[in-house]
Amino acid sequence: MGTSTPEKVCTELERIASLARQAPDMKLRTLAHHIDAEWLEEAHRRTRKDGARGVDGQNAEQYAANLQGNLQSLLDRAKSGTYRAPPVRRVYIPKASGTEKRPLGIPTFEDKVLQRAVTMVLQAVYEQDFLPCSYGFRPGKSAHQMLDELRDELMSMGGGWVLEVDFRNYFGSLDHVHLKDVLSQRVTDGVILRLVSKWLHAGVLEDGAISYPESGTPQGGVVSPMLANIFLHEVLDGWFERDVKPRLTGRARLFRYADDAVMVFANEQDARRVLDVLPKRCGKYGLTLHPEKTRLVEFGNPARRSSNDGPPTSGSKTFDLLGFTHYWEPSRSGRWIIKRKTMRARFRNALHRVVQWCHIHRHDPVREQWRALKMKVRGHYAYYGIGFNLEALACFLYRVKLAWWKSLRRRSQRGMLWARMEALLRVLPLPAPRLVRPLRLPAANP
């Protein structure tokens, strides 16, 4: 199959989307019939082929050896109700803080294909319902887009109050009963609901033992981001737009990327009222806010905050979101603007991974190390290369060069002088820092 979606699948997706769009309050009872052999072929095409293996040890290449037969068997089992969701293999990756680890659940490749097929159905439905405040894991939306629009909103407001919303162990504590209740408000197709229920109750394989958690959905599953968005669309997005904003006296807006969310307010009283009721709203659905990470930050324009107390200062508080620290600083013209830089924890973790890689691969051919490091540096720039963050990129590049040099010095007892490393970098240069997101300077209130 080619890289474009087959016409039949495109037609079916638009048919589902059109029905959901025309009947926003209707419960959709017949959706699974859209999932046929061609639909599964498209789901297989969209599934990553280089991911880690699940509990069965099968990779994409092995599954594709008898693709048509495997997909037909998968379709028959899914439709008849005999499909059994295999346990996910649990692994741990470092969190941004560097002191904690995040659990990931790795499904089997076949399970990923079926999850992708169901996600395609759910996405066609819920993309008609999701609100503009939701940016995570949605077509045409991105973390950078959310960060830019958040900055534009705060600049337009002249700063304000930022409520950082942090759920304690969101993916691990997500209540199955509440999630299924929320899902059934819109989708009542028996096949879809049965498959989702099987994934929620699938076991977790860890250290050779299988457990069956009573709550949570494994991060790493294809369907998990969609379920997270569906749940928080009801718990947070819809509630904020429908029930909260009409009761506020000033301007306010919600920004959410998966389970990372901030609310910005022009009025301090509004912000504190929402902070008071937010734990109750989340508790109603079995969610708990992190008591230390959920906080209200005064993020007013320093020029405005200091107008009655003498010259403006740079003492305004900061907040972190999606890997960036947001702060006020004067521009070259003297005007106060919001800038963003790489969070210290994210910078430290990214560099630590490079140092570890250099240590492990120090005896590889130098050109192979260079090619790999080029990709790592470019990947760092691709996300953190936003306006006003050039200094952090340059610092990252310098530290990567040092890490590479130190690892090469350990290849032999004679070591390696820095002058020789500089000569090597002239022949095999690492990419220079560059901004992949253009600078944006929206008008701000004085």
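Let's start with H2 and H5. These two helices pack with their axes 8 Å apart, at an angle of about 110°. That angle falls between 65 and 115 degrees, so H2 and H5 count as roughly perpendicular to each other. Their crossing is right-handed. Keep in mind that this is a predicted model.

Who touches whom here? On the H2 side, look for Trp39, Leu40, Glu42, Ala43, His44 and Arg46. On the H5 side, find Phe109, Val113, Leu114, Arg116, Ala117, Met120 and Val121. Sort the contact of H2 with H5 by class and you get 9 nonpolar, 1 polar and 3 charged residues.

Stay with H5 for a moment. How many of its 18 residues are buried? The count is 16, so H5 is largely enclosed by the rest of the structure. Its length agrees with expectation too. At 1.5 Å a residue, H5 should span 26 Å, and its end C-alpha atoms are 25 Å apart.

Next partner of H5: helix H4. H4 covers residues 67-80, and H5 covers residues 109-126. Their axes are 11 Å apart and the packing angle is about 60°. H4 and H5 are therefore oblique to each other. H4 passes H5 in a right-handed crossing. From H4, the contact uses Asn70, Leu71, Leu74, Arg77 and Ala78. From H5, it uses Glu110, Val113 and Leu114. By class, the contact of H4 with H5 has 5 nonpolar, 1 polar and 2 charged residues. Val113 and Leu114 are on both lists: they meet H2, and they take part in the contact with H4.

Now helix H1. H1 runs over residues 7-22, which makes 16 residues. From first C-alpha to last it reaches 22 Å, close to the 22 Å expected at 1.5 Å a residue. Which residues of H1 are buried? They are Val9, Glu12, Leu13, Ile16, Ala17, Ser18 and Ala20. And what do those buried residues pack against? Helix H2, residues 37-46, and H5.

Zoom in on Ala20, in helix H1. Ala20 has a relative accessible area of 1%; that is under 20%, so it is buried. Set aside its neighbours within four places in sequence. Ala20 is then in contact with Leu28, Ala124, Val125, Gln128 and Arg186. Compare that with Glu41. Glu41 is 21 residues from Ala20 along the chain, and their C-alpha atoms are separated by 24 Å.

On to Met155. Met155 lies in helix H6, residues 143-157. At 0% relative accessibility, Met155 counts as buried. Along the chain, Met155 and Trp328 are 173 residues apart.

Next, another helix pair: H13, residues 344-360, and H14, residues 366-384. Their axes come within 11 Å and cross at roughly 170°. That is over 145 degrees, so H13 is roughly antiparallel to H14. In H13, the contact residues are Arg346, Ala350, Val354, Trp357 and Cys358. They meet Gln369, Ala372, Leu373, Lys376, His380 and Tyr384 in H14. The contact of H13 with H14 divides into 7 nonpolar, 2 polar and 2 charged residues.

Arg371 is found in helix H14 as well. Is Arg371 buried or partly exposed? At 45% relative accessibility, it counts as partly exposed. Arg371 and Val162 are 209 residues apart in sequence. C-alpha to C-alpha, they are 42 Å apart in space.

Last topic: backbone angles. Most residues other than glycine have a negative phi. Two residues here go the other way.

Take Ala258. Ala258 is not a glycine, yet its phi is positive, about 55°. Where does it sit? Ala258 is in the loop between strand E6, residues 252-257, and strand E7, residues 260-265. With a relative accessible area of 7%, Ala258 is buried.

Then Phe388. Phe388 also has a positive phi, about 70°, although it is not a glycine. You will find Phe388 in the loop between H14 and helix H15, residues 390-409. Phe388 is partly exposed, with a relative accessible area of 29%.

Conventions:
Residues numbered from 1 in each chain as written. Predicted model: local features only at pLDDT ≥ 70, side-chain atom pairs only at ≥ 80, totals over all residues. Heavy atoms only, no water. Axes fitted to C-alpha atoms, helices over the stretch in contact; angles between N-to-C directions. Helix = DSSP H or I, 4+ residues; strand = E, 2+ residues; numbered from the N terminus. Parallel < 35°, antiparallel > 145°, perpendicular 65-115°, else oblique. Left-handed = near helix turned anticlockwise from the far one by under 90°. Contact = heavy atoms within 4.5 Å. Nonpolar A, V, L, I, M, F, W, Y, C, P; charged D, E, K, R; others polar. Expected span 1.5 Å × (residues − 1). Buried < 20%, exposed > 50% of the residue type's maximum accessible area, 1.4 Å probe, protein only.
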